Amino acid sequence: MPMSEVTRILSAIEQGDQHAAEQLLPMVYDELRKLAAQRLKDEKPGQTLQATALVHEAYVRLVDTDKVQHWNSRGHFFAAAAEAMRRILIGNARRKQAQKRGGQAKRVDLDGIEPLDRPADDKLLALEDALIRLADKDPVKAELVKLRYFAGLTNEEAAAILGISTATAERYWAYARAWLQNEIATALES
């Protein structure tokens, strides 16, 4: 799939062409599905949200022809897709967390019941909270994390999107990973 063809279709969508959105999905579906599968591999087994559903929900949010879309490039589109998938996963984890905190639950006596490992939802929410704090502290590093972790981009690709050098992206990535791991570990301990 030539990148210029995707960029052309994205431009047509931006201009309001209703048929362009129909042409885009077949061209980007495989890449979006790989991206979704990559995001879902960190979820706990038995996840109700599947890669196909995640792709479709993210795609609908991205190519809503009632809203004006501005895509600078193919990379921008995939970064936005990663962000949409992140928001969907976070929303899904928050809904489960709300149910876990009392929605439709019955009281159970916990004497003699051993605690289970923390579910993946807790880790995902801890990551989201830490990522928000990192964005407040250093937005470029937070955006780099989103591009690397949620979009699956390489340092080189993310650096190009952010307009920084690859060496800077590597330094930022090392710092952000260490900072986030510390924040997540602290959050999960409490």
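In the predicted model, Lys141 lies over the face of Tyr175, at 4.6 Å from the ring centre. Lys141 is also placed over the face of Tyr172, where the distance to the ring centre is 4.7 Å. Pairs between aromatic rings, by contrast, number zero.

The structure contains six salt bridges. Glu83 takes part in two of the contacts described here. With Arg86, Glu83 forms a salt bridge whose closest N and O atoms are 2.5 Å apart; both residues lie in helix H4 (residues 74–100), three residues apart, which is about one turn of the helix. Glu83 is buried, with a relative accessible area of 16%, and Arg86 is likewise buried, at 6%. A further salt bridge joins Glu83 to Lys146, with the closest N and O atoms 3.9 Å apart. Because Glu83 lies in helix H4 and Lys146 in helix H6 (residues 139–150), this pair ties together parts that are 63 residues apart in sequence. Lys146 counts as buried at 17% relative accessibility. Glu83, Arg86 and Lys146 belong to a network of salt bridges that also includes Arg87 and Glu128.

Arg133 and Glu183 form another salt bridge, the closest N and O atoms being 3.0 Å apart. This pair links distant parts of the chain, with Arg133 in helix H5 (residues 120–137) and Glu183 in helix H8 (residues 166–189), 50 residues apart. Arg133 is partly exposed, its relative accessible area being 34%.

The protein chain as a whole comprises eight helices and zero strands. Of its 190 residues, 39% are buried. Among contacts with a separation of 6 or more, 62% involve residues 24 or more positions apart.

How values were computed:
Residues numbered from 1 in each chain as written. Predicted model: local features only at pLDDT ≥ 70, side-chain atom pairs only at ≥ 80, totals over all residues. Heavy atoms only, no water. Helix = DSSP H or I, 4+ residues; strand = E, 2+ residues; numbered from the N terminus. Buried < 20%, exposed > 50% of the residue type's maximum accessible area, 1.4 Å probe, protein only. Contact = heavy atoms within 4.5 Å. Phe/Tyr/Trp six-rings, centres within 6.5 Å; stacked < 30°, edge-to-face > 60°. Lys NZ or Arg CZ within 6 Å of the ring centre and 35° of its normal. Salt bridge = Lys/Arg side-chain N within 4 Å of Asp/Glu carboxyl O.
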